[in-house]
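These are my notebook entries on one protein structure. I looked up selected salt bridges, a sheet, a helix and a surface patch.

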Amino acid sequence: MINILLIALILVVTLGLVAFQFRKAKQLQVDNYFANEQVMTVDSLVLFIKESIHDITRSNLHEAGLSSSEFQRSLNKRAELLKALKNCIHGSIQDKNYVKDILFDILHRSAITPDNIHQAIPFTNHERLTTQDKFDILLYFYKKEHQLEALAKLIDAYQLDDLKVRETGESSYVITAEEIENIYATENPYLTFEDQLSILTQRIYQKYKGFSVVDEIRDMAIDGVSGGVSGQLKSEFISRDENLKDIEGLPMHFESVWIFFRGKSIQLACLKFESEADLRRVCQNIYRYNNVGMLSQDVGYKVNEMADGSRVVVVRPGFSESWAFFIRKFQTHNLSLESLIVDGNAEFAVDCIRYLAKGARITALTGSQGSGKTTLLMAMVGEIYGSMTLRIQEMAFELNLRKLYPYRNILTFRETDTISGQQGLDVQKKTDGSVNILGEVATDPVAAWMIQMAQVASLFTLFTHHAKTAKDLVLSLRNSLLKCDVFRNEKVAEEQVVNVINFNVHLTRNHEGKRYIERITEIIPLDQNVDYPKDYQKDEGYERSFMDTTTEFYSRMTDRKTYRLENILEFKNGSYVQGSPPSEFQIREMHKHMSTEDALRFKQFVEKWWGIAYADFT
């Protein structure tokens, strides 16, 4: 027994000495790494992390003397880390958090202590903290409580999205450095060493693998973020007529960060990229999900999605005047018509949209960028009967309908460098689709193909378009048919359009960022099969009657209308009000495609809002 105790004691002492020597060697390694540095900076820590990760992922495990189970475990951990390092730059929050945990552990085991962490970020000296430091600390604390709602809660708490007047006299949405300084002084957050190390870890991550100053912002529950879209260009691009002294002190193009929040474009003047190289690095990495090809001088832009479903657009000089990126995010949680339509008399607007979907009406959702077309389309799909199969065509995968409705028959296609939108729509006709959805009708071939597809290829179609009015929508689609040589006569092309499109839901975003449905318009084709007047055949004085017939002919060939527009819903004085009732033809067609229960509710809906009691809808 005594021998066993002695052996155990020797083992404990030996393991303790080994651990002490390992810690001492690690300390010496870090100390030697920073020997030429007066202080440990974030940049030097980034280099240290890069070498540490390289050692972890490239070391020879066979020389470590591990047992077979330990060897396999280490091999699996290495593979998991390599996978996370590859995917975290594509917008995968899960992989990002895994990499950050590894970095936190490396820093915690190194020479970073409560006594020297302030060398990297001066947490203990508020006067030395930069505006970015204070913003990162505030966002970290709000994130601890509110998760991805952190930025929204911070903005709401201090009304940071209010309209402000700049020094130039312009009114715009901006979050200034002074506001962040004042908020930090007000909240005066207390930081434990773990908090400090977590914030430092994030700062290192965003310079190592992340997206610089927008890394955490990109993950937040906002509508989007962009960079490189304001500020002065480099001096060599400035005309000789410009006085360089006049632009000194103005922000450069790489010092611009903007967010899209509740319909408002807000500049984060409190943040900036460190240099043009920093902005360029973000632009060159942020679009690479699924290997969509290289951004180059010849290929000056890329449109893609990220791992979390966000849409990303990146542009570069030659094509644009500077490097820039645009990320758009779409709400996918608690998505319903009731959550999106919240103004006065909202139940009327909700039911109008609901019955357009259940009634299988070919509907165009129009509006400017950021007005909410895509989000409303995603919610509208939820009202389509679950038994129907859905086929979607997009430029980039952004609707994410299978994520929203995982138990429904949905398949999405997109354009590629070798497959055009028209070819994609052609393939859709052979995939048993009941409903065709086009994320955006943006080109003439897709518009022309959509008109043909809506006539024969599916039960009904939903699509988005950037038209400003219902008349503009008809003219745009008509012109697309003409440009693609589908038709050569304007009247015939227009008749095809108005006979295909049933309703237009137009969305608006005002200068304050408020989004609402401005109108729902029915496009009603006019009967063109009316005989010409033949009174001249009966009248002996036929000259006048013949001239009437001739006048009718030329009016039909020139400016005779092929359709009329009726608004069935309008937004007035902050509330949705009913306009003209839907045509009897549309009511009957909608009733025919609904279930028995929905058809009864639809009949009651029409009677309630328009006072029309049709005895029979069938």
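This is a predicted model: local features need pLDDT of at least 70, side-chain atom pairs count only at pLDDT 80 or more; totals for chains, interfaces and linings use all residues.

I first looked up Lys514 and Asp343, whose side chains meet in a salt bridge with an N to O distance of 2.4 Å. By salt bridge I mean a side-chain nitrogen of Lys or Arg within 4 Å of a carboxyl oxygen of Asp or Glu. The pair links distant parts of the chain, 171 residues apart. Lys514 is in the loop between strand S14 (503–509) and strand S15 (515–525), and Asp343 is in the loop between helix H12 (337–340) and helix H13 (346–358). Helices (H or I, at least four residues) and strands (E, at least two) are DSSP runs numbered from the N terminus. Lys514 counts as partly exposed at 33% relative accessibility, and Asp343 is buried at 15%. Here buried means under 20% relative accessible area, exposed over 50%, and partly exposed in between (1.4 Å probe, protein chains only).

Residues are numbered from 1 along each chain as its sequence is written, and side-chain values use heavy atoms, with hydrogens and water left out.

I found 22 helices and 17 strands in the protein chain. Of its 618 residues, 47% are buried. Among contacts (heavy atoms within 4.5 Å) with a separation of 6 or more, 65% are between residues 24 or more positions apart.

The structure holds 33 salt bridges. In one of them, Arg203 pairs with Asp133, the closest N and O atoms being 2.6 Å apart. Arg203 lies in helix H8 (residues 193–208) and Asp133 in helix H5 (residues 131–146), so the pair ties together parts 70 residues apart in sequence. Both residues are buried. I also looked up Asp219 and Arg218, which form a salt bridge at 3.0 Å between the closest N and O atoms. Asp219 is buried at 5% relative accessibility, and Arg218 is buried at 1%. Both belong to a network of salt bridges that also links Lys96, Lys143, Asp215, Glu216 and Asp308.

I traced an open sheet of eight strands with mixed pairing, in the order S1-S2-S5-S4-S3-S8-S7-S6. Two strands pair if DSSP finds at least two bridges between them. Strand S1 (163–165) and S6 stand at the edges with a single partner strand each, so one side of each has no neighbour in the sheet. The twist averages 30° from one strand to the next. Strands S3 (residues 224–227) and S8 (residues 324–328) run antiparallel and are joined by four bridges; Val225 stands opposite Ile327 in S8.

The buried residues of H21 (residues 584–593) are Gln586, Ile587, Glu589, Met590 and His591. Their cover includes H13, S14, S15 and helix H22 (596–610).

Which residues make the nonpolar surface patch of about 340 Å²? I found Tyr301, Phe319 and Met395. Patches are made of residues with over 30% relative accessible area and no salt bridge, like charges being joined within 9 Å and nonpolar side chains (Val, Leu, Ile, Met, Phe, Trp, Tyr) within 5 Å. Areas come from the Shrake-Rupley method with a 1.4 Å probe; for residues, only the protein chains shown count as cover. Tyr301 is in strand S6 (residues 301–305) and is partly exposed, at 41% relative accessible area.

Note on methods:
Axes are lines fitted to C-alpha atoms, for helices over the stretch in contact, and angles run from 0 to 180 degrees between N-to-C directions.
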